[in-house]
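Student: I am new to this structure. Could you take me through it in questions and answers?

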Amino acid sequence: MSKFTQVNVPATGKTISVPTGLFINNEFVPSVDSQETIQCINPATEEPICSVVAGSAKDVDVAVAAARSALKTTWGKNVSGFERSRLLNKLADLIERDAQELAELEALNNGKPVKIARDFDIGDSVGCLRYYAGWADKIVGQSIDIDNKTKLAFTKHEPIGVCGQIIPWNYPIMMWAWKVAPALACGCTIVMKPSEFTPLTALKLSELVVEAGFPPGVVNTVPALGSVGGAALAAHPGVDKIAFTGSTVTGRKIMEAAAKSNLKKVSLELGGKSPQLIFESADIDQAANWAALGILYNTGQDCTAGSRVYVQDSIYDKFLQTLIEKAKALNIGNGFDEKSGGGPVVSKVQYDKIWSYIDAGKQEGAKCVLGGEKRPGKGYFVDPTIFTEIKPGMKIVKDEIFGPVLSVGRFKTEEEAINLANDTTYGLGAGLHSNDAGQCMRVSQALEAGTVWVNQYNLLYNNVPFGGKKQSGIGRELGSYALDEYTSVKAIQWNYGEKLDWPL
Amino acid sequence: MPSTFSYQFDTPSHKGITEFSTGLFINGEFVDGSENSTIDVINPATGKLITKISQGTPKDVDRAVAAAQHAFETSWGLKCPGAERAKLMNKLADLMEEHEDELAAVEALDNGKTFYWAKNADLKGAIDCIRYYAGWADKIQGKTIETNDGKLVYTRHEPLGVVGQIIPWNFPLLMLSWKIGPALATGNAIVLKPSEFTPLSALLTAKLAKEAGFPPGVFNVVNGYGATVGAAIAEHMDIEKVAFTGSTLVGRKIMEAAAKTNLKKVTLELGGKSPNIIFDDADLEAAVNWAAFGIFWNQGQTCCAGSRIFVHAKIYDEFLHLFTEKAKQVKVGDPFHPDSKQGPQVSNAQFDRIMSYIDSGKDEGATVHHGGVRVGDEGYFISPTIFTDTRPDMKIVKEEIFGPVGVVIKFDDDEDVIRQANDTVYGLACSVFSQNINRALETAHKLKAGTAWVNCANMLHASVPFGGFKQSGIGRELGDYTAVKAVHVNFGHQWSVA
């Protein structure tokens, strides 16, 4: 396989050069022992884009060794916070420079509209890198008094070490930034396994890692099948920490593998079945906007998708009508079409999965009030779909669908709403819409979710932590909290005056 | 219209042009002072005029404060998200880096420090500081605090508003960055008065700040005298905080003025007479190098200079010999000559002051072990100077000289040297040299100073707080520019009178 491939961008008539090898020690290399490749498909056309090298377990070994070597020599405790900050800022600048090209590649591989990829995914990613660049020289510990005469204790927040990072296909560039930025800011080195569905932008970003000036081995990128590369990282004795974003099913396997191997530290960002509660005092039009955003943004392929909406009885009919109109207004189409507000779902696997849930919804007796009909023609397009007359035991109400499929229910009292919302093993996000301040406070305190949005939904900021309660995850990303995931505390207890009598 | 200063550098260390306005920088524009008067800026290496700059008046301070207030309420403060403030600050740092040599040359020309040190210490430190604080801008966090079930209580760390900043002439650009860094990061708008002796690098920086895109009024520079512009800032009813670096004498006046007017917050970075204790188990060669750096760097014009050097009797003779050799190696001369290690003192007034301390040392009976004389007959150059055979009550031992004059004192009692070291109204910094870590840490903990250096001296980092104990100051640089507000939201607690 040649080292670079030229990817055609039909809408612009131009090509984008994409490296196809594994990125280890700042070079793109073939697999050490395998001829396997990963073919990337354009979900809007179902056509192949290109193929890249598929990493094997042995390749993961090589990458981990490179990361360990860098940690011991040019990175980790050998590089100052100022230098880490400088490099992260440089990387952010380069991504900003190449935003248009990266957005087009992201749109080709993932399907999302180019303008959303550029202005939101990439814009936020640049912000994320800059935010963590700012933390890099501010990783402080504590100095602690024991007595003032003979002893001193202080803590150091040391880099946790070599980090395996496994990211999903729904926001390839942004998930890459959320993982890479805090890890590098804290002095860790990385072996990144992008999703086998969307490895292309991670490979392109690896070129910028070199251009920014990071030493070899600090960031390594090994596209691979989850069951091969992901499993290898989770079980690897040379990896000090694994960070995974993806399904709860896979998250369990990762944690098991970590427990069985070297008890590496684990952080998980898993699934959700996040509820939005619409109370009678809410601004109905606004609440409908946020509810639509919650289930339709990124074509519902969002871990915090507000996939269950519960509406207070007194406003149910009015709200439902408004919501249906809002959902109809979204244009789902090819990511290179200016009119598209959303793209196809990422793959045939996902497409089939979502349709089986839609069928289940119908079979289990829910009422389909919008969508539910397949589009003819090419592309994994799923139109906004809304089910009503739901019951708690239904598959569409319990399981994460990861598509633009919404279940709408109703409630009488605040207490009932809270119970319906919390009746899930997940706990990632929740939204509530109300103009009663007391209600907002009570309900936000009661909802069991890592992020509670009040009179809004889905919007995240680089400086606010994000993560799940219950089976939605372990640990937090973003904000200052992410630093805790990539540092390990050492207490140094220094005696400068106590003499020990022996034997005791 | 204020005139433009245009200067062609043609020196062994630097060649190039610099050009910037000599006006006051108010509301994003360079303007004349309200009385159209000027201040002469002198080259301390030659005693000759470099240029004239606009002189500000209390009226100009009013104009600047009004511009700052407007900016704070509309385009800055809490109206401008931290990430956006960070972007602008990083842009300024980038521009300063692009113009690094030019800024270093202007600084060396105006202050007299060597081009080498201006570039490698002052510029590097200033740029790092701006970048460090840019990183804080979107991380100003409060707390949520549990009280009871019916309430939400949280704190916000809000910007103060308009802050006044008065900076000295010893590290003009570095001091400017230490002041504007934390103030801008936390969302405050600034009225800054550079020293009338060294206004040039601030004006060039204002030009770069404009280019970086800071909204007009966020950063204002009002050149002028301490007694007029400085006092106006300290007394201003609409300035929420004054941050001053300079002499203890002036620091008192600033604090008084603040108390008498609107009780504005005050932080002061004042003088020092910092002790450097060298134990008999020190790495002698290293201690000699650091001790020389501690007192001779920046022509001795450093608030944290290790100006009282206590040396254990066992190594005293050897130390003094090596230290004197080091002092001899300091080549005093043209700041732009690559061989120069020390430039002139900043002004005629400082020159006279230092020479009069040297005279008082002689008069009071101390020994001039080395130096004690002017160098050359042009400009304000003084030789590195070492005094020995001193008594604790001598002026050269008690008072801050602010020149390349070190006092070397012999000791043999650990407890007593700590007592002597602490026997001063100052408490800015200290150094301890010993290879025995127990002795070094114990001593460092017992010395009353805001910064304790173990086996080094004068090392500063943007991320490490700096400030004085006792009469060396109030507050910490790299410090507090926010006002904490506690917000209590009652959402369920019913109040009944019964």
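Tutor: A polar contact is a pair of N or O atoms within 3.5 Å; within protein, one must be able to donate a hydrogen and the other to accept it, and residues adjacent in sequence count only if both atoms are side-chain atoms. This is a predicted model, where local features need pLDDT of at least 70, side-chain atom pairs count only at pLDDT 80 or more, and totals for chains, interfaces and linings use all residues. Residues are numbered from 1 along each chain as its sequence is written, chains are lettered from A and ligands numbered from 1 in the order in which they are written, and side-chain values use heavy atoms, with hydrogens and water left out.

Student: How many residue pairs are in polar contact across the interface of chain A and chain B?

Tutor: A salt bridge needs a side-chain nitrogen of Lys or Arg within 4 Å of a carboxyl oxygen of Asp or Glu, and the count between the two chains is 0. For polar contacts, both residues must be at pLDDT 80 or more, and the number of pairs is 4.

Student: Which three residues supply 35% of the area that chain A buries against chain B?

Tutor: Buried area is the accessible area (1.4 Å probe) that two parts lose on being put together, summed over both. Between chain A and chain B it is about 1,700 Å², with 64% from carbon and sulfur atoms. The three residues, which supply more than any other three, are A:F82, A:K138 and A:Y496.

Student: Which residue does UniProt list for "active site"?

Tutor: UniProt positions are given in the numbering used here, feature names are shortened, and annotations may be inferred rather than shown by experiment. The entry is unreviewed, and the residue it lists is A:E269.

Student: Is A:E269 buried or exposed?

Tutor: Buried means under 20% relative accessible area, exposed over 50%, and partly exposed in between (1.4 Å probe, protein chains only). The relative accessible area of A:E269 is 4%, so this residue is buried.

Student: Which residue has its backbone oxygen 2.7 Å from a polar atom of the side chain of A:S472?

Tutor: A:S472 has 0% relative accessibility and therefore counts as buried. Not counting residues up to four places away in sequence, A:S472 touches (heavy atoms within 4.5 Å) several residues, including A:E269, A:G271 and A:Y426. The backbone oxygen at 2.7 Å belongs to A:G271.
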